[in-house]
Amino acid sequence: MNIIVINGSPRPDGLTAAMLHRLADTLLQKGADVQYYDLSKLHMKQCSGCCACYRTGHCIFQDDAERLSDAIAKADGIVIGSPTYVSNVSGLLKTFIDRGHFVIEQLLRGKYAVGIATGENYGSRDTARISAIR
Ligand SMILES: Cc1cc2nc3c(=O)[nH]c(=O)nc-3n(C[C@H](O)[C@H](O)[C@H](O)COP(=O)(O)O)c2cc1C
């Protein structure tokens with residue numbers, strides 16, 4: 001199985017990353033092919049709201065967000081992790097979800113999708129649900 005793991009925290013060495021790395025290690029031990037991405041290290045423009053992706057399946061911006069969407073298209077499943085920021089996903093992850101919203105929704109059809117959230121007090125459940133775009 002080809003699994004994409006995406007860290008939506010701006011902190012590549014934070015708590016969310018620690019959880020995702022542990023999960024990625026387990027998946028590797030089980031024989032999965034794992035690709036790990038830190039959104040904080042990618043170059044992503046903000047969604048411009050043109051909805052070209054809805055018509056064409058591709059974003060007008062050919063940057064890392066578009067390349068990651070292509071990788072998701074080929075994967076069997078994705079794991080998306082986010083810290084809870086004000087009872088929601090991080091702004092970083094929201095940028096990626098906005099950029100890939102129409103495409104990802106279709107790309108995720110029939111795939112495994114898991115959302116993981118870290119937090120300190122409140123809102124992690126909603127964050128995990130939003131992370132996996134459910
Ligand atoms: C701007 C901001 C907003 C936050 N809002 C919440 C929140 O609403 N609920 C919560 O439980 N934790 C909140 N936290 C705490 C983080 O979710 C928590 O520290 C998280 O584990 C950090 O993950 P990271 O180490 O991967 O960056 C917030 C942190 C920041 C920086």
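In which loop does Val86 lie? In this predicted model, Val86 sits in the loop between β3 (77-83) and α4 (91-107). I begin there on account of its backbone: phi of Val86 is near 50°, a positive value in a residue other than glycine. Val86 counts as exposed because it has 10 C-beta neighbours inside 10 Å, and the cut-off for exposed is 12 or fewer.

A second residue belongs in this discussion. Cys51 is found in the loop between β2 (33-38) and α2 (52-56), and its phi, near 65°, is likewise positive in a residue other than glycine. Cys51 is exposed too, because 12 other C-beta atoms lie within 10 Å.

The largest nonpolar core contains 29 residues, of which Ile4, Ile6, Ile72, Ile78, Val79 and Leu93 touch the most other members. Two or more residues of this core come from each of β1 (2-7), α1, α3 (64-74), β3, α4, β4 (112-118) and α5 (124-131). The largest contribution is that of α4, with 7 residues. As for Ile78, once neighbours within four places in sequence are set aside, its contacts are Ile4, Ile6, Ile72, Lys111 and Ala113.

Finally, the ligand. Its surroundings comprise 18 residues, with Gly14, Thr16, Pro83, Thr118 and Gly119 the closest. By class, this shell holds 10 polar, 6 nonpolar and 2 charged residues. Helix α1 (residues 15-29) gives the most to the shell, namely 3 residues.

Conventions
Residues numbered from 1 in each chain as written. Predicted model: local features only at pLDDT ≥ 70, side-chain atom pairs only at ≥ 80, totals over all residues. Near = placed C-beta within 6 Å. Helix = DSSP H or I, 4+ residues; strand = E, 2+ residues; numbered from the N terminus. Nonpolar A, V, L, I, M, F, W, Y, C, P; charged D, E, K, R; others polar. Buried ≥ 20, exposed ≤ 12 C-beta atoms within 10 Å, placed from the backbone. Core = buried A, V, L, I, M, F, W, Y, C linked by C-beta atoms within 7 Å. Contact = placed C-beta atoms within 7 Å.
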